[in-house]
Every structure is written in structure tokens, then in C-alpha cells.
Amino acid sequence: MNAEGLVEVVLPGKVEPEGLQIRHGAVPAVGPGQLLVRMEATGVSFAEQQMRRGRYYDQPPFPFVPGYDLVGTVLATGQGVAPELTGTRVAALLKVGGWASHVLVDAADAVPVPDGIDADEAEALVVNGITAWQMLHRTARVRSGQTIVVHGANGGVGSVLVQLAHAAGVRVIGTASARHHDALRERGVTPVDYRTQDVAARIRELAPAGVDAVFDHVGGRSAVDSWSLLAPGGTLVCYGSASTRDDEGSKQLPVLKLLGRVWLWNALPNRRRAYFFNVWAGRALAKNRFRGRLRTDLTQVFRALQRGDISPQIAARLPLARVADAMRLAESGTVAGKIVLHP
């Protein structure tokens with residue numbers, strides 16, 4: 001059945017993209033409660049860009065196989081798993097391990113992909129879709145008629161956020177460089193150029209009374225500005241520290257600084273709330289609840305795709321063997337959407 005053998009990408013240490021290694025081996029044996037999945041599509045996330053610099057705050061020790069999520073077909077099921085899952089297409093959020101032709105996935109972590117959804121489209125929406133959906137509907141709890149700001153509105157998470165918000169009847173102001181503005185306007189977004197404009201001043205012009213939510217992946221100075229834009233009752237959702245990607249020193253420090261700020265802001269009596277969103281929050285304490293929520297939310301994202309509320313942006317499709325090129329492209333800042341890898 002698995003005559004083709006295993007192909008996987010190994011991150012051996014802090015390396016340039018060309019230092020990623022392709023390794024061949026035997027296809028792993030499926031254990032109790034597991035699925036053996038033949039990967040059809042995985043992707044390059046911001047997490048891997050941080051991991052290769054040793055800067056993702058809870059990455060495993062080197063060497064390891066990166067790959068935050070995947071979509072693929074079930075080849076075999078382990079003991080205690082329904083055998084009829086064999087041959088079905090599933091998606092899974094993994095954090096690491098997805099950059100391989102064959103991947104063992106806990107059956108409880110696999111979410112069915114509805115028929116008629118292309119593997120690449122589904123892949124482009126796993127980590128980005130869950131993140132966007134949960135931040136919008138679980139953390140900020142946006143309502144129709146509200147106004148929000150999405151930083152990096154053309155990015156992987158940002159582009160899904162603006163589409164889901166639009167579908168929910170929310171007005172969106174989005175920051176992006178000028179070349180993305182026409183595409184954003186087509187999606188009903190009011191664009192702001194973060195390179196040439198004073199972003200906070202421009203957003204205040206557009207929303208003098210403040211905004212109901214800001215989604216900020218930049219961290220640092222940007223988070224402080226974002227907090228200042230909120231109307232009473234507003235919510236700041238920070239979900240990264242992209243501004244510190246290339247920094248040296250402690251990988252925990254930018255996150256801890258941001259968490260400290262969030263704690264301080266929430267201690268102030270000002271009717272505004274700040275959150276640091278982490279898609280893995282709650283997994284260690286309540287695994288079943290975490291998995292149930294993730295399955296529910298990803299299923300909602302796939303439904304939104306089927307309705308036409310969202311159309312995932314795929315920037316490029318490359319084979320696993322060209323992972324160095326995929327990484328360089330992802331880090332270049334020149335592409336809009338998800339870079340998808342195929343076996």
C-alpha cells in the first residue's frame with residue numbers, strides 16, 4: 001500500500017531556508033487512536049518563519065519536521081478508530097509535523113473536509129481560518145453594524161478575517177501596502193497604507209468615535225497604537241509579534257512584554273479589553289473541549305467557503321522538494337495569500 005515511502009522536510013537547527021533537509025524513510029505504522037494520512041497539501045505559516053530562527057515561543061528542540069497544518073486522505077486507521085474513515089479527506093492543525101508525505105494524526109484532531117472542497121483551498125483555511133473565526137466570533141464577538149480594524153488585511157489571517165467580517169455585516173478598515181488596496185476595496189474594505197500614512201491618525205479620521213475591535217499581528221509599538229483606537233466597550237486582539245521576527249535575544253521576551261501590556265490594560269477601569277490570542281490556548285487543560293471547539297469552528301469555516309462568503313487566496317503551489325523556495329517566497333513580503341506545498 002505504501003510502496004512510495006516517506007518523504008519529509010527536517011529543520012536541523014537555526015538555518016537559512018536552503019538549510020532545510022529532505023529526508024526519505026519508511027512510512028510510519030499507525031498506532032491506537034491514530035490515522036495515517038497521505039498529505040495532499042500543507043503550507044508555509046508565519047510560525048515556520050519564526051521556527052527556523054529559533055524564535056517560535058514553544059517550538060520543539062531541533063531537529064524536527066515543521067508543518068503547522070495539513071489536508072490529506074486517510075490511508076489507514078489504528079485500533080479504536082472507525083475503519084470507514086479510510087479513503088476520506090481530513091484536515092488537521094498540528095503545530096509541527098505536516099511537511100511530510102505521510103503523517104500520523106490523532107483521530108480526535110482530524111476534521112472532515114466536505115466533498116467538493118479542493119485540498120489546496122481547504123489547506124489555505126486551516127490555521128488561518130480557525131484563527132480568524134475564533135478571534136472574530138469567540139474573542140471579539142463582533143456584531144453586525146460594528147467597525148473593526150484589521151492590520152495586514154491582505155495577509156493569510158487578515159484576508160480571511162476581512163471576508164468573514166464582511167459576511168457578518170461588519171465595516172472593515174484594513175492596513176496594507178498600496179499595491180493591495182484595489183483588491184481590498186473589491187472586498188468592501190477601506191484601505192489604509194501602513195507605509196506612507198500615519199495609520200492611527202488616518203483611522204481616527206475614518207472612525208472618530210473609535211472602533212469596536214482591532215486585530216493586530218504586529219505587536220510592539222503597533223499594539224499600543226491599536227489600543228488607543230478603541231471605542232468604549234472595544235476589544236483589542238493581539239495575535240503575534242511580527243515586528244520582532246528578525247530580532248536576536250529571547251524569543252519569549254516580545255510575547256511576555258505584550259502579555260504584560262495586555263494584563264495592565266485590562267486592569268485599567270476603561271471599559272475596553274485586550275486579549276493575546278493563541279490558537280492553542282486551553283489545549284493543555286481541557287483537550288476534549290479544545291478539540292470540540294476547533295472542529296466546530298473549522299466546520300463553520302468550510303461552510304463559509306461553500307457558501308462563497310470566503311475565497312481563500314493561494315499565492316503559490318510548490319512541491320515539498322522546493323521548500324527552500326517556498327520559504328524564501330513567504331518571507332519576501334511580495335505575495336498575497338497562502339503558499340501551499342504538495343508532496
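# Briefing on helix packing, aromatic pairs and backbone features

Helix 7 and helix 8 run roughly parallel to each other, because the angle between them is about 20° and angles under 35 degrees count as roughly parallel; that is the conclusion for this pair. The model described here is predicted. Two further helix contacts, one of helix 3 with helix 4 and one of helix 3 with helix 9, are set out below. The briefing then turns to aromatic pairs, of which the structure holds six, and to selected loop residues, including R141 and R271.

**Helix 7 with helix 8**

- Helix 7 spans residues 221-228, and its axis lies 11 Å from that of helix 8 where the two pack.
- The crossing of helix 7 over helix 8 is right-handed.
- On the helix 7 side the contact is formed by A223, V224 and W227, and on the helix 8 side by L258, R261 and W265.
- Sorted by class, this contact between helix 7 and helix 8 has five nonpolar residues, no polar residues and one charged residue.

**Helix 3 with helix 4**

- Helix 3 (residues 127-139) and helix 4 (residues 156-167) have axes that come within 8 Å and cross at roughly 50°.
- Helix 3 is therefore oblique to helix 4.
- Helix 3 contributes N128, G129, T131, A132, W133, M135 and L136, which meet G156, V157, V160, L161, L164 and A165 of helix 4.
- The contact of helix 3 with helix 4 comprises nine nonpolar and four polar residues, with no charged residues.

**Helix 3 with helix 9**

- Helix 3 also packs with helix 9, at an angle of about 100° and with the axes 9 Å apart.
- This angle makes helix 3 roughly perpendicular to helix 9.
- From helix 3, the residues in contact are G129, I130, W133, Q134 and R138; from helix 9, they are R293, L294, T296, D297, L298, Q300 and V301.
- The class count for helix 3 with helix 9 is five nonpolar, four polar and three charged residues.
- G129 and W133 of helix 3 take part in the contact with helix 4 and also in the contact with helix 9.

**Aromatic pairs**

- The structure holds six aromatic pairs.
- In one of them, the ring centres of Y56 and Y68 are 6.3 Å apart and the ring planes stand at 80°, so the pair is edge-to-face.
- Y56 and Y68 both lie in the loop between helix 1 (46-51) and strand 4 (69-77), so their pairing ties together parts that are 12 residues apart in sequence.
- Y56 and Y68 are both buried.
- For F62 and F64, the ring centres are 5.7 Å apart and the planes are at 15°, so this pair is stacked.
- F62 counts as partly exposed because its relative accessibility is 29%, whereas F64 is buried, with a relative accessible area of 8%.
- A cluster of linked ring pairs takes in Y56, Y57, Y68, W280 and F290.

**Backbone features**

- Most residues other than glycine have a negative phi, and most peptide bonds are trans.
- The peptide bond joining F62 and P63 is cis, with omega about -10°.
- P63 is located in the loop between helix 1 and strand 4.
- R141, a residue other than glycine, has a positive phi near 50°.
- R141 belongs to the loop between helix 3 and strand 8 (147-150), and at 59% relative accessibility it counts as exposed.
- R271 likewise has a positive phi, near 60°, in a residue other than glycine.
- R271 is placed in the loop between helix 8 (253-267) and strand 13 (273-276), and it is exposed, with a relative accessible area of 63%.

- A281 sits in the loop between strand 13 and helix 9 (287-307).
- With a relative accessibility of 38%, A281 counts as partly exposed.
- Leaving aside residues up to four places away in sequence, A281 touches F290 and R293.
- A281 and V211 are 70 residues apart in sequence, and their C-alpha atoms are 26 Å apart in space.

How values were computed
Residues are numbered from 1 along each chain as its sequence is written. This is a predicted model: local features need pLDDT of at least 70, side-chain atom pairs count only at pLDDT 80 or more; totals for chains, interfaces and linings use all residues. Side-chain values use heavy atoms; hydrogens and water are left out. Axes are lines fitted to C-alpha atoms, for helices over the stretch in contact, and angles run from 0 to 180 degrees between N-to-C directions. Helices (H or I, at least four residues) and strands (E, at least two) are DSSP runs, numbered from the N terminus. Angles under 35 degrees count as roughly parallel, over 145 as roughly antiparallel, 65 to 115 as roughly perpendicular and the rest as oblique. Contact means heavy atoms within 4.5 Å. Ala, Val, Leu, Ile, Met, Phe, Trp, Tyr, Cys and Pro count as nonpolar, Asp, Glu, Lys and Arg as charged, and the others, Gly among them, as polar. Rings of Phe, Tyr and Trp (its six-membered ring) pair if their centres lie within 6.5 Å; planes under 30 degrees apart count as stacked, over 60 as edge-to-face and the rest as tilted. Buried means under 20% relative accessible area, exposed over 50%, partly exposed in between (1.4 Å probe, protein chains only). A crossing is left-handed if the near helix is turned anticlockwise from the far one by less than a right angle, and right-handed if clockwise.
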